[in-house]
Amino acid sequence: MAVEIERKFLVKNDSWRNDAQGNAITGVRFRQGYLSSKPEATVRVRLEGEKAKLTIKGKNKGIARAEFEYDIPQQDANAMLDSLCEKPLIEKVRYYRNEDGFTWEIDVFEGENQGLIVAEVELESEQQSLALPSWV
């Protein structure tokens, strides 16, 4: 069984938008929806650029939870998003930034959640220490 250990933070400024060399970070457009959003198990359909995935996540136990993820045909994902998923759908652009040995995922939301910017980082263990960047 796969286990996801992650921490999420609100982003407080735009200094994350450029890498250490000053280059602008490019993002990937996401469109996602939930077939089930019960706390015991969420089932999510997601388009990540040209890729499509089905993800099942278990209930959180601290900052960890079971996670299963499968590639699915893009056509199937679009059909599920359009006709089966709970509304509103989630639309965002995800940016990846490497900092202090960690890969941060920064989500800039659009649509119903426009204005929200969240950063998350996956850890190897629940006890792993993490220095927070100045922008979270």
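This is a predicted model: local features need pLDDT of at least 70, side-chain atom pairs count only at pLDDT 80 or more; totals for chains, interfaces and linings use all residues.
Two of them are tabulated here.

| Pair | Centre to centre | Angle between planes | Class |
|---|---|---|---|
| Phenylalanine 9 and tryptophan 104 | 5.8 Å | 50 degrees | tilted |
| Tryptophan 104 and tryptophan 135 | 5.5 Å | 75 degrees | edge-to-face |

Phenylalanine 9 belongs to strand 1 and tryptophan 104 to strand 7, so their pair ties together parts 95 residues apart in sequence. Tryptophan 135 lies in the segment after strand 8, so its pair with tryptophan 104 in strand 7 ties together parts that are 31 residues apart in sequence. Phe9, Trp104 and Trp135 make up one aromatic cluster.

How buried is this cluster? Phenylalanine 9 has 15% relative accessibility and counts as buried. Tryptophan 104 is buried, at 1%. Tryptophan 135 is buried as well.

**Strand 6 and its neighbours**

Strand 6 spans residues 90-99. Seven of its 10 residues are buried, so the strand is largely enclosed by the rest of the structure. Strand 6 pairs with two strands discussed here. With strand 2 the pairing is antiparallel, over six bridges. Glycine 27 has tyrosine 95 of strand 6 as its bridge partner. The ring of tyrosine 95 also has a charge over it: the charged end of arginine 17 sits 5.7 Å from the ring centre.

Strand 7 runs antiparallel to strand 6, and eight bridges join them. Glutamate 99 stands opposite phenylalanine 102 of strand 7. The two strands form a hairpin with two residues between them. Aspartate 100 lies in that loop. Its phi is positive, near 50 degrees, in a residue other than glycine. Aspartate 100 counts as exposed because its relative accessibility is 63%, and the cut-off is over 50%.

Proline 88 is in the loop between helix 1 (74-83) and strand 6.

**The largest pocket**

The largest pocket holds about 440 Å³ of space. Its lining has 27 residues, and the closest to the centre are Arg44, Arg46, Lys57, Arg94 and Glu120. Which elements give two or more residues to the lining? They are strand 1, strand 2, strand 3, strand 4, strand 5, strand 6, strand 7 and strand 8. By residue class, the lining divides into 17 charged, seven nonpolar and three polar.

Methods:
Residues are numbered from 1 along each chain as its sequence is written. Side-chain values use heavy atoms; hydrogens and water are left out. On a 1 Å grid over the protein atoms alone, a cavity is a set of points where a 1.4 Å probe fits but cannot get out, and a pocket is an open set with protein on both sides within 12 Å along at least five of seven lines; lining residues have an atom within 4 Å of a point. Grid points are joined across faces, edges and corners, and a volume is the space filled by probe spheres set on the points. Helices (H or I, at least four residues) and strands (E, at least two) are DSSP runs, numbered from the N terminus. Ala, Val, Leu, Ile, Met, Phe, Trp, Tyr, Cys and Pro count as nonpolar, Asp, Glu, Lys and Arg as charged, and the others, Gly among them, as polar. Buried means under 20% relative accessible area, exposed over 50%, partly exposed in between (1.4 Å probe, protein chains only). Two strands pair if DSSP finds at least two bridges between them. Rings of Phe, Tyr and Trp (its six-membered ring) pair if their centres lie within 6.5 Å; planes under 30 degrees apart count as stacked, over 60 as edge-to-face and the rest as tilted. A charge sits over a ring if NZ of Lys or CZ of Arg is within 6 Å of the ring centre and within 35 degrees of the ring normal.
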